[in-house]
Every structure is written in C-alpha cells, then in structure tokens.
Amino acid sequence: MGFFQRMFKKVEDVNRGEAAAAELESEMVLITKEDAYDFWIQMAQNILVNAVNATGSTVDRAFVILDFRNEPSFELFYQQNGSLLMWDQLEDMTITEKIRTQLLPQAPEAANTINENFIAAGHGPIAYAELQFEWATKAWFSHIIWADGDHADIPRDELLQNWFARLEKETANVPLDSDRKLSWYPE
C-alpha cells in the first residue's frame with residue numbers, strides 16, 4: 001500500500017474510532033529505499049518458505065519466478081528425487097491443489113505490495129524476480145530484473161522455459177548441500 005493509501009486508511013480508522021489519533025504520526029513517515037529493499041527480502045523469504053511448506057518440505061530445492069508486470073503471477077518448480085518438476089507435475093495431488101488454491105493466488109497482492117513500496121521509496125519497480133532455495137543448507141538467493149532494465153520485456157514463458165532448461169542441466173551436477181546459488185536466466 002502506498003504512502004497516501006496508508007495515510008487515508010489510517011485517517012478513516014481514526015475517524016471510526018478504530019485507531020488512536022497518535023497513530024497518524026506513524027503513517028507520516030515516508031518509506032526509504034532501504035525499507036523497501038528490507039521489505040522485499042522479507043517477502044521473498046516468505047514466498048520461498050510458503051513454496052516449500054506447501055510441499056510438506058518434500059522437495060530438495062524450490063525455484064520461483066515472480067512476474068510483477070500486468071498480471072502478476074508465480075511460476076514454481078522444484079527439484080525432487082533428482083528431477084526438476086513444475087509444481088503441477090508433483091505426484092501428490094494434495095500438494096498441487098494446495099499450491100494452486102492457496103499459494104498461486106497470493107501473487108498479485110505480493111507483487112503489488114512489493115512494487116508499491118519501491119515506488120513510494122523513489123525506486124523503480126521490479127519486472128521479474130527469480131528465487132531459489134536449497135533445503136539441505138536452507139540457503140536462498142534472489143535475482144531481480146528491474147522494470148527499467150535490459151531484460152524486463154522478456155515474455156514470462158521464455159524466462160520460465162530457459163531458466164528451467166538451464167537449471168535442469170545444472171542441478172544434475174550440483175550437490176544438494178552445495179550452499180551456492182545456481183544460474184539465473186538471463187544472467
């Protein structure tokens with residue numbers, strides 16, 4: 001939620017008696033670039049935790065593409081038992097249903113909130129973000145493609161297919177406890 005939206009919401013809450021007038025002061029603070037980036041880190045970690053928890057922690061690695069553009073979405077795939085699989089290829093139908101109904105619908109709100117914070121801080125928005133998580137070491141990594149960057153116009157399907165193909169080759173040779181980031185697409 002942007003600065004003015006937060007401010008007007010807090011004014012409405014005070015007017016309805018749901019918040020104290022003193023709380024208005026906390027809404028007067030403009031968000032800094034550091035605040036926006038810290039919020040991004042928290043959200044990225046939460047998205048990865050939710051992506052792994054949705055599988056009942058049955059995966060070795062999790063990969064997420066966040067598309068922040070016109071129709072925000074998550075694209076998820078996992079390494080499980082040596083294979084790289086799209087989320088809907090996981091064998092457990094309970095897991096795929098949980099991802100489809102609980103995790104994927106969160107993408108628009110997450111993307112919009114993250115970008116609103118960057119914009120409120122005077123920073124350009126994100127076009128895409130790629131996340132990776134390694135279960136054995138709990139290591140996670142993120143890669144941002146900014147909306148004003150060279151690769152912001154890559155179609156989502158191209159990004160997904162090429163990153164998946166690159167990781168399919170790479171994960172075959174990288175130990176599950178490597179504690180290092182794998183390749184991004186594009187680099």
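Two strands are taken to pair if DSSP finds at least two bridges between them. Strands (E, at least two residues) and helices (H or I, at least four) are DSSP runs numbered from the N terminus. On that basis, eight bridges join strand 4 to strand 5, and these two strands run antiparallel. This is a predicted model, in which local features need pLDDT of at least 70 and side-chain atom pairs count only at pLDDT 80 or more, whereas totals for chains, interfaces and linings use all residues. Residues are numbered from 1 along each chain as its sequence is written, and side-chain values use heavy atoms, with hydrogens and water left out.

- Five strands form an open sheet in the order 3-2-1-4-5, with antiparallel pairing.
- Strand 3 (83-86) and strand 5 (139-146) are the edge strands, each of which pairs on one side only.
- Neighbouring strands of this sheet are turned by 15° against each other on average, direction ignored; axes are lines fitted to C-alpha atoms, for helices over the stretch in contact, and angles run from 0 to 180 degrees between N-to-C directions.
- Helix 6 (residues 156-171) packs on the sheet and touches strand 1, strand 2, strand 3, strand 4 (126-134) and strand 5, where contact means heavy atoms within 4.5 Å.
- The direction of helix 6 makes about 165° with that of strand 1.

**Strand pairs**

- Strand 1 (residues 61-67) and strand 2 (residues 73-80) pair in the antiparallel sense over seven bridges.
- I65 has E75 in strand 2 as its bridge partner.
- E130 has H143 in strand 5 as its bridge partner.
- Strand 4 and strand 5 form a hairpin with four residues between them, and K138 in the turn has a positive phi of about 65°.

**Q79 in strand 2**

- Q79 is found in strand 2 and is buried, with a relative accessible area of 4%; buried means under 20%, exposed over 50% and partly exposed in between (1.4 Å probe, protein chains only).
- The side chains of Q79 and R61 are joined by a polar contact of 2.6 Å.
- A polar contact is a pair of N or O atoms within 3.5 Å; within protein, one must be able to donate a hydrogen and the other to accept it, and residues adjacent in sequence count only if both atoms are side-chain atoms.
- Beyond four places away in sequence, Q79 touches residues including F63, L84, T171 and L176.

- W135 lies in the loop between strand 4 and strand 5 and counts as partly exposed at 32% relative accessibility.
- W135 and D60 are 75 residues apart in sequence and 5.2 Å apart in space, C-alpha to C-alpha.
- Not counting residues up to four places away in sequence, W135 touches V52, S57, V59 and D60.
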